[in-house]
Amino acid sequence: MKITAAITAVSAYVPDYILNNQELEKMVDTNNEWIMSRSGISERRILKDKDKATAFMAAEAAKKLLEKKNLSPLEIDLTIVATVTPDHQYPATANIVSDMIGATNAWGFDIQAACSSFIYALTAATKFIETGTHKKILVIGSDKMSSIVDYTDRKTSILFGDGAGVVLLEPTTDGTGIIDSKMYSDGSGKKYLYQPAGGSLFPPTVETIANKQHFVEMDGQAVFKVAVIKMADVAAEMMERNHLKAEDVAYLVPHQANKRIIDATANRMGISMDKVMLNIQKYGNTTSATLPLCLAEWEHLLKKGDNLILTTFGAGFTWGGIYLKWSY
Ligand code: UT7
């Protein structure tokens, strides 16, 4: 019997503070009508506590999952954290999270592929399950985007929010789980969406800080043009490769960067919007957390055997698609 990797639990955490469009109107030259029509975002969550960051949100989500599943943290073999906002350059946030939740038998590492971090991490984790070497893996997407957003830049400050989501991956032989995946990257897209300084090329200096080079830098239109094609393409590719017709798909689980990109993807797949997990209006773009936040919110509507298509597009450029059969 073929072993596949099944998602057997999901959970999420978002901070309490709500930054809505009306408050943003007081911070930058923008308005609710523009933000809603161009992006579909109405509000986002912000982690205000100065002493808390990505690992905290990841650990909160993971603790909820363990409690819900009545699982000891000692049973976790591996913790993978998908993030672009690690607590520190090193050690990996995954190590910090494992310590916070008491997963002392787990090893762990971080994966960074911008807004595709979670789908890349889930794909990588799947291989550890399929080979039979690991039995319980936490795949966490967590980002404190407010730590790298310039709240004087109207082009980016309206888009991002903070949050975390987690799935538990376990082996199954019942035919459900992750059936297919295809990941892509194109580094020539680097210049359109990146954080200029803080890495080894431009370490922090007084100048990089004065020039605001530690924030998200984006040419929105250039990213949009590629995203709208690639995210739809890879979703359609997942359907074709697996002989799925629109009526076979229970839900599309898309990255939440812009409602117009999500609409185009659903349209390309031929599915109606009631089959699309959409929460961009209340969370904005939470980068690595978007997919597990959707899964956690829609969990109560999912049935064993439901066909889901997960898809993302992000800086890099990075994009990808996963076809899975829901396992519970
Ligand atoms: O998550 C990783 C991947 N990221 C994405 O997929 C994001 C892709 N990009 C987008 O979602 C869209 O490009 C944005 C939502 C960021 C922007 O929407 P747009 O329709 O591409 O707007 P634009 O950048 O072309 O700007 C149109 C106009 C400009 O004014 P002019 O030059 O036409 O006079 C901007 O200066 O809107 C102006 N503008 C704003 N106006 C009010 C830009 N930001 C704002 C704002 N409020 N916040």
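**The interface of the domains**

Tutor: The centres of domain 1 and domain 2, taken over C-alpha atoms, are separated by 14 Å. Domain 1 covers residues 4-175 and domain 2 covers residues 179-325; such bounds come from an automatic or database domain assignment. This is a predicted model, in which local features need pLDDT of at least 70 and side-chain atom pairs count only at pLDDT 80 or more, while totals for chains, interfaces and linings use all residues. Residues are numbered from 1 along each chain as its sequence is written, and side-chain values use heavy atoms, with hydrogens and water left out.

Domain 1 brings 51 residues to the contact and domain 2 brings 47, where contact means heavy atoms within 4.5 Å. The size of an interface is often given as the accessible area lost when the parts come together. Between domain 1 and domain 2 the buried area is about 3600 Å², and carbon and sulfur atoms give 61% of this area; buried area is the accessible area (1.4 Å probe) that two parts lose on being put together, summed over both.

Three salt bridges are counted between the two domains. A salt bridge is a side-chain nitrogen of Lys or Arg within 4 Å of a carboxyl oxygen of Asp or Glu. The side chains of E299 and K68 form a salt bridge, with 2.9 Å from N to O.

On the side of domain 1 that touches domain 2, the elements giving two or more residues include the strands β1 (4-13), β6 (137-144) and β7 (162-172) and the helices α2 (32-39) and α5 (117-130). Helices (H or I, at least four residues) and strands (E, at least two) are DSSP runs, numbered from the N terminus. This side of domain 1 has 22 nonpolar, 18 polar and 11 charged residues. In this classification, Ala, Val, Leu, Ile, Met, Phe, Trp, Tyr, Cys and Pro count as nonpolar, Asp, Glu, Lys and Arg as charged, and the others, Gly among them, as polar.
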